[in-house]
Amino acid sequence: MSRLELLTPEGLRIDGRRANELRKITAKTSVFSQADGSAYIEQGNTKCLVAVYGPREARRRQQTLADRAIINVEFNVAPFSTSERKKRSKSDKRSLELATCIRQTFEPVIQTNQFPRSQIDVYIQLFQHDGGVLQSCINATTMALIDAGIPMLDFVCACSAGCIEKVPVLDLNNLEESADTPELTLAMLPRTGKVNLVELESRLHIEQLESVMDLAKDGCIQINEMLDKVIRQNMDHLMGRMKA
């Protein structure tokens, strides 16, 4: 598929969105009763579940830190997540890269100094892959950590953006990613505007970098408003149950 087919002369993309439009987002928290915190998110057709356990006593004492908690992230992909069915192991290179990237994104934000000699475990399960996997996992992890009551400096909200025929586009889907569209994933703290992560999947011309980053930041702000609404609705629901 050529890039020309990804964007019509009217400015519409292959899924009917405009260049600066997010895919539909559906999100829930407290979806997994056995975990300390959990969240489920759908960004377009990308579907992801995150469960958080901890802070709890570290399993291996030799890995504990005296002044703060350690964060473990495990990323798994369901064999049926794409049209090509194949089972990925936990040691799959891409899965390990994503897990490391997510851990490093949250380490400066989680107030781990409040939980010395402990660990926080984050388990991520991708059910369906339709583009924007990293951003979906980061957004779901934010909600799951908040659901677990783990203190953070701010939300961490992530969004991707790219460039099709020199036109900046927001929140790429799988077809757009598969067409070798230059893609940038950005994570930021909405209150301060601090950028916590920038990952560039392929070459992007320096002249287009600023406009693509600005679009990704706008997407992060929109996503923050949606996630904040979901968190507040869940809190109101829990408070209502407690009063009842």
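S30 is partly exposed, with a relative accessible area of 37%; by this scale, buried means under 20%, exposed over 50% and partly exposed in between, for a 1.4 Å probe and protein chains only. The model is predicted, so local features need pLDDT of at least 70 and side-chain atom pairs count only at pLDDT 80 or more, while totals for chains, interfaces and linings use all residues. Residues are numbered from 1 along each chain as its sequence is written, and side-chain values use heavy atoms, with hydrogens and water left out.

**Stop 1: two residues with positive phi**

Keep S30 selected; it sits in the loop between β1 (25-29) and β2 (37-43). Helices (H or I, at least four residues) and strands (E, at least two) are DSSP runs, numbered from the N terminus. The phi of S30 is near 55°, a positive value in a residue other than glycine. Most residues other than glycine have a negative phi, and most peptide bonds are trans.

Next, select D171, in the loop between β7 (167-170) and α3 (174-178). The phi of D171 is also positive, near 55°. D171 counts as buried, at 0% relative accessibility.

**Stop 2: a cis peptide bond**

Select G54 and P55. The peptide bond from G54 to P55 is cis, with omega near 5°. P55 belongs to strand β3 (residues 46-57).

**Stop 3: a pair of helices**

Two packed helices are described by the angle between their axes and the distance between the axes. Select helix α1 (residues 93-106) and helix α2 (residues 133-147), which pack at an angle of about 45° with their axes 11 Å apart. Axes are lines fitted to C-alpha atoms, for helices over the stretch in contact, and angles run from 0 to 180 degrees between N-to-C directions. The two helices, α1 and α2, are therefore oblique to each other; angles under 35 degrees count as roughly parallel, over 145 as roughly antiparallel, 65 to 115 as roughly perpendicular and the rest as oblique.

Now display the side chains. L98, C101, I102, T105 and F106 in α1 meet V133, L134, C137, I138, T141, T142 and L145 in α2, where contact means heavy atoms within 4.5 Å.

**Stop 4: E107**

Finally, select E107, in the loop between α1 and β5 (118-128). E107 is partly exposed, with a relative accessible area of 36%. From E107 to G37 the separation is 70 residues in sequence and 17 Å in space, C-alpha to C-alpha.
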